[in-house]
Amino acid sequence: MVIELHDICKSYLQGKEPIPVLHHIELTVEEGEYLAIMGPSGSGKSTLMNIIGLLDQQTSGLYRFDGQEMSKCSDNQLSSIRNQKIGFVFQNFNLLPRQSVLENVSLPLLYGGVRKKERLERAREILTKVGLEDRISFKPTQLSGGQKQRVAIARAMVSHPRLLLADEPTGALDTRSGEQVMDLFQQLNQEGVTIVMITHEKEIAQHARRIVTIRDGRLEQGGFSGTEPEQEVDAS
Amino acid sequence: MLENIRLSLQGILSHKVRSILTMLGIIIGIAAIIAIVSTIKGTNEQIKNNLIGSGNNAVDVQLYQGEYPYEFDYQSIPDGVPVVSDSTQEAIVQLDQVVSASFYRMRSYCENVYYGNTAYGGAMYGIDEAYFDTAGYQIQQGRGFTAKEYCDNRKVVILDNTAVKSLFSSEDPIGATIDINGEPFTIVGIVVETDPFEPVINSEEDYWTYMGNSAGRMFIPGQSWPIAYQFDEPENCLAKAVDTDSMPSVGKQVADLMNASVMSSDTDSDLQIQYQSQDLLGQAKSLQDLSASTNTMLIWIASISLLVGGIGVMNIMLVSVTERTREIGLKKALGAKKKRILGQFLTEAAVLTSIGGIIGVLIGIGLAQLISRIASVAVAISSVSIVISVVFSMAVGIIFGLIPSIKAANLNPIDALRYE
């Protein structure tokens with residue numbers, strides 16, 4: 001299995017008062033799964049996402065990623081894991097506006113220490129896969145929203161991570177572009193990439209094979225849109 | 001690294017106005033320093049050139065009593081100072097750093113020299129065959145002394161142009177006869193300096209420092225000296241050194257060799273008679289020190305502007321880190337380590353200030369040229385100071401970029417990503 005969350009709690013300090021955000025979360029994501037985490041805003045789904053993505057650390061509880069206990073890792077180790085094993089897709093794309101599409105996509109490879117020639121080759125390859133091979137020298141500002149998100153997906157996938165984390169990937173897109181992004185996710189999942197996606201739109205969540213809902217920091221129920229039923233533990 | 005530099009340049013170019021404003025402090029500081037240093041160096045070289053002349057490298061070793069040159073006009077020939085012997089002359093010519101050496105007698109101001117009714121008030125030299133070459137003269141008109149004239153007590157004289165001007169108005173001086181201490185000498189030639197050197201005179205002070213002898217020079221063969229002046233007086237030595245920097249050492253060696261045969265009875269240092277070289281480099285040095293001390297202060301003032309510039313850079317870098325919080329967060333999410341973020345911002349600060357330094361150097365050079373035009377002060381741009389300036393401004397960028405860069409590197413990725 002890729003992700004194992006056990007009794008995860010998270011609270012933020014506001015002044016001296018700790019504000020709890022996540023309560024005793026139990027969640028496992030198997031290799032090759034396609035999971036949607038649904039919830040209204042303020043439910044703690046982004047916090048959960050950040051913990052899964054190693055951008056944030058839990059206050060208590062156990063998090064194993066790829067079989068490895070994460071709370072013991074140093075900052076640099078976490079950076080390496082993010083770089084090698086996790087791809088991020090954000091609602092607002094987060095592309096660097098002054099750099100070309102090709103440069104944006106090859107950025108994770110730069111941090112992974114890949115040589116320039118190979119970087120550009122692999123970035124071009126993945127851009128071909130998302131259908132943007134004729135846009136490689138464009139600046140992100142010259143692209144439509146759907147194209148930007150496909151660039152972001154290419155960037156997320158360029159170092160062949162095992163896990164793709166998507167935070168409201170269709171939130172800033174029109175329906176048609178959103179569908180294109182979902183088709184791309186489907187294709188990646190079929191190729192074996194594990195996908196965890198956060199959304200508050202039911203239609204989008206339906207593309208995933210399993211849906212969990214989070215409300216007020218608690219995982220409430222497990223729903224399945226796919227074919228393989230999975231045991232979901234709801235802790236409270 | 002190269003990637004970082006490329007990105008920095010991209011960033012700087014995309015905020016042209018801001019970048020220029022940020023660099024302004026550095027530009028002004030470096031420009032001021034380059035201009036000041038160039039002026040100092042120019043002035044120093046000018047002082048050195050004024051004293052030493054243009055590349056002739058001839059060292060004069062004269063007989064001194066105490067601190068002053070010995071005056072044969074007013075004093076009798078000093079006791080215990082013999083004519084320089086042939087073997088001493090030979091030893092001096094053989095010195096490693098000596099190109100050529102000439103031995104001559106001299107009176108810096110001579111009376112009783114007339115052409116008709118006109119009196120001459122310049123210097124008189126009794127020279128050997130090596131003198132004109134060593135001192136850098138060439139025949140302009142007429143001829144030089146023949147070998148026979150040098151050793152045969154002939155009454156012939158050669159003048160320089162100043163001497164000619166002081167005695168003759170329109171008539172041809174060649175062949176004319178002048179009267180030296182009652183003896184008639186025939187003018188055979190006129191000499192000029194091969195490489196005429198005009199000291200740069202900016203003030204009355206400069207005039208007295210550099211224009212020592214402008215009343216003209218007359219040359220007669222050294223062997224003929226007793227005809228006019230009754231005695232074979234002790235000789236001075238003019239030695240040409242291989243280069244300017246070896247002049248002090250040549251002067252010292254020559255003086256030592258000549259002093260070996262001097263047996264002065266006076267041990268009192270004020271009256272002691274001995275040969276000394278004119279320490280032109282030392283003289284230049286003390287004049288240079290005088291001008292340098294004021295300029296050192298100017299450099300300190302300019303350095304303050306660099307400090308202010310550095311603080312400006314820090315300020316803008318802090319703004320830039322805040323502005324780019326999202327970018328930093330994204331890069332961290334994509335796996336950029338602290339070191340890389342730190343490196344990126346440090347490189348950016350260093351590239352920014354280095355460019356400022358280079359622009360400053362260019363403006364400084366322009367400023368120096370402008371100063372030399374307006375104030376007629378010599379400037380010399382030193383490549384060392386240019387390199388130091390650019391390296392120094394780079395260091396300013398790194399030092400003042402450190403705090404903003406550390407701030408960027410330590411940003412928490414989620415806070416950074418969430419930043420609007």
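Colleague: Which residues does N83(A) touch, leaving out those up to four places away in sequence?

Modeller: Keep in mind that this is a predicted model, so we're reading contacts off predicted coordinates. N83(A) sits in helix 2 of chain A, which covers residues 75-85. Skipping residues up to four places away in sequence, its list takes in residues of chain A and of chain B: P108(A), Y111(A), G112(A), S159(A), L334(B) and G335(B).

Colleague: Is N83(A) buried or exposed?

Modeller: Buried means under 20% relative accessible area. N83(A) has a relative accessibility of 4%. Because that value falls under the cut-off, N83(A) counts as buried.

Colleague: What separates the C-alpha atoms of N83(A) and A156(A)?

Modeller: Along the chain, these two are 73 residues apart.

Colleague: Zooming out, what share of the contacts in chain A between residues at least 6 apart in sequence join residues at least 24 apart?

Modeller: Chain A has 7 helices and 10 strands, and buried residues make up 53% of its 236 residues. Now take the contacts between residues at least 6 apart in sequence, and ask how many of those join residues at least 24 apart: the share is 68%.

Colleague: Where does H24(A) lie, and what is its phi?

Modeller: Most residues other than glycine have a negative phi. H24(A) is not a glycine, yet its phi is positive. This residue lies in strand 2 of chain A, residues 17-29, and its phi is about 40 degrees.

Colleague: And D66(A): is it buried, partly exposed or exposed?

Modeller: D66(A) is found in the loop between strand 4 (60-65) and strand 5 (68-69) of chain A. D66(A) isn't a glycine either, and has a positive phi of about 55 degrees. The relative accessible area of D66(A) is 25%, so the residue is partly exposed.

Colleague: Last one: over which residues of chain A is the pLDDT below 50?

Modeller: Chain A averages a pLDDT of 88, and 93% of the residues score at least 70. One stretch has a pLDDT below 50, though the model gives it 20 contacts beyond near neighbours in sequence. Where pLDDT is low, the predicted coordinates should not be read in detail. The stretch to treat that way is residues 226-236.

Key. Residues are numbered from 1 along each chain as its sequence is written. Chains are lettered from A and ligands numbered from 1 in the order in which they are written. This is a predicted model: local features need pLDDT of at least 70, side-chain atom pairs count only at pLDDT 80 or more; totals for chains, interfaces and linings use all residues. Side-chain values use heavy atoms; hydrogens and water are left out. Helices (H or I, at least four residues) and strands (E, at least two) are DSSP runs, numbered from the N terminus. Buried means under 20% relative accessible area, exposed over 50%, partly exposed in between (1.4 Å probe, protein chains only). Contact means heavy atoms within 4.5 Å. pLDDT is the predictor's confidence in each residue, from 0 to 100.
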